[in-house]
Amino acid sequence: MSWIRKVILVWIGVVSVQIGPGQTPQAPDLTRAVELMIRLKFEVPTACDIRIGSRAPSQFTGYDKLRVILSQGGRSTNLDFLISKDNKSLARLENFDLDHNPALAIEIQGRPIRGNPKAPVTVINFDDLECPVCAHMHEILRSELMRKYGDRVRFVYKDNPLTEIHPWAMHAAVDAGCLAQQDANAYWKFLDYVHAHGQEVSGEDRNTGRSFSVLDRIANDSGQSGNVNKPVLMACLKRQDEAPVRQSMKEARDMGLDFTPALVVDGELVRGLTSLDAPLRAIDRALQAKGLK
């Protein structure tokens with residue numbers, strides 16, 4: 001249902017519903033007119049069912065609140081529209097709480113930082129270690145962006161493994177977390193290697209069990225040179241506690257991030273990571289907001 005969040009929840013406007021006055025949402029003609037208008041204006045897929053729910057008073061003069069339920073694949077989303085008293089106009093309005101922006105409340109306490117820890121701008125990358133596009137973005141962040149912005153930008157990674165399509169991504173995220181608990185340098189060494197050697201981890205036979213063993217070996221090797229207690233690391237790798245990773249995944253879901261990589265630059269979600277243009281623009285805006293060039 002991610003298309004609903006991306007398309008419907010960001011639209012604000014009024015569309016015309018050509019139904020005469022005096023009808024109610026239960027009237028078949030009006031119900032059908034509302035459904036057809038929603039399908040037309042928001043390009044709702046045919047596979048998605050639309051049900052018109054209850055009508056109630058609203059805070060807007062001349063309009064009632066109308067509940068619309070969209071469902072597909074066992075999941076449903078409730079949306080509130082406004083319908084005029086004369087049943088001729090349908091409106092969709094969104095009320096955004098400026099004090100509760102999930103993109104400004106991403107938890108990074110204790111996460112390894114690459115770059116200047118006191119940099120004025122923070123780039124958060126929701127990463128999947130099995131994602132080829134993420135590997136490309138990782139290299140861009142590690143080399144080009146760090147070189148361009150120097151100590152003005154710091155980089156923090158959060159986990160968002162797409163487990164439905166990437167069988168070893170969760171295990172990789174957990175192993176990375178085990179290193180992050182002890183030594184940031186070992187954590188970045190692990191990420192650099194895995195992103196650069198994804199095919200080695202997957203193997204020609206695509207054996208998930210073998211991939212897990214390879215990841216544990218890479219994690220152990222990454223922790224050899226650094227402040228890593230080996231018995232503690234080995235116990236963490238064996239335990240495979242997914243809770244911290246799943247909490248990070250929940251943060252991603254709360255922002256509608258069902259894709260990777262996804263960058264958040266000082267609260268601005270960056271879309272369209274096909275080139276450097278989008279990240280550069282977002283970082284420049286963040287620096288300008290702080291009075292920096």
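Predicted model: local features only at pLDDT ≥ 70, side-chain atom pairs only at ≥ 80, totals over all residues.

**A proline, a helix and the rest of the chain**

Let me start with Pro161. Leaving aside its neighbours within four places in sequence, Pro161 is in contact with Asp127, Asp128, Ala169, Met170, Val245 and Met249. Pro161 sits in the loop between S8 and H4. Is Pro161 buried or exposed? Its relative accessibility is 3%, so Pro161 counts as buried, the cut-off being under 20%. For a sense of distance, take Ile106, which is 55 residues from Pro161 along the chain: the two C-alpha atoms are separated by 17 Å.

Two of the contacts of Pro161, Ala169 and Met170, bring us to helix H4, where both are buried. H4 covers residues 169-180, which makes 12 residues. From its first C-alpha to its last, H4 reaches 16 Å, close to the 16 Å expected at 1.5 Å a residue. How many of the residues of H4 are buried? The count is 12 of the 12, so H4 is largely enclosed by the rest of the structure. The buried residues include His171, Asp175 and Cys178, along with Gly177 and Leu179. An α-helix has 3.6 residues a turn, so residues three or four places apart point the same way. In H4, burial takes in 12 of the 12 residues.

What do the buried residues of H4 pack against? One partner is a strand, S8, at 153-159. The others are helices: H5 (184-196), H7 (208-222), H8 (230-239) and H9 (243-254).

Next, some backbone geometry. Most residues other than glycine have a negative phi, and most peptide bonds are trans. Here are some exceptions.

Asn87 is not a glycine, yet has a positive phi of about 65 degrees. Asn87 lies in the loop between strand S4 (75-84) and strand S5 (89-92). With a relative accessible area of 0%, Asn87 is buried.

Gln240 also has a positive phi, about 50 degrees, and is not a glycine either. Gln240 is in the loop between H8 and H9, two of the helices that the buried residues of H4 pack against. Gln240 has 18% relative accessibility and so counts as buried, the limit being under 20%.

Then there is a cis peptide bond. Which residues does it join? They are Thr260 and Pro261, with omega at about -5 degrees. Pro261 is placed in the loop between H9 and strand S9 (262-265).

Now for some residues on the outside. Gln59, in the loop between strand S2 (49-57) and strand S3 (63-72), is exposed, with a relative accessible area of 73%. The C-alpha atoms of Gln59 and Arg271 are separated by 34 Å, and the two residues are 212 apart along the chain.

Asp151 is exposed as well, at 53% relative accessible area. Asp151 is in the loop between helix H3 (132-149) and S8. Which residues does Asp151 contact, leaving aside its neighbours within four places in sequence? They are Asn116, Ala119 and Pro120. Lys118 is 33 residues from Asp151 in sequence, and their C-alpha atoms are 8.2 Å apart.

For contrast, here is a residue inside a helix. Ala286 lies in helix H10, residues 277-289, and is buried, with a relative accessible area of 8%. Leaving aside neighbours within four places in sequence, Ala286 is in contact with Val121, Val265 and Asp266. Leu191 is 95 residues from Ala286 in sequence and 26 Å away, C-alpha to C-alpha.

Last, the whole chain. The protein chain has 10 helices and 10 strands. Its radius of gyration is 24 Å, well over the 19 Å that the globule rule gives for 293 residues, so the chain is more spread out than a compact globule. The C-alpha atoms fill a box of roughly 75 × 50 × 30 Å along the principal axes. Of the 293 residues, 45% count as buried. Among contacts between residues at least 6 apart in sequence, 66% join residues at least 24 apart.

Terms used:
Residues numbered from 1 in each chain as written. Heavy atoms only, no water. Helix = DSSP H or I, 4+ residues; strand = E, 2+ residues; numbered from the N terminus. Rg over C-alpha atoms; globule rule 2.2 N^0.38 Å. Buried < 20%, exposed > 50% of the residue type's maximum accessible area, 1.4 Å probe, protein only. Contact = heavy atoms within 4.5 Å. Expected span 1.5 Å × (residues − 1).
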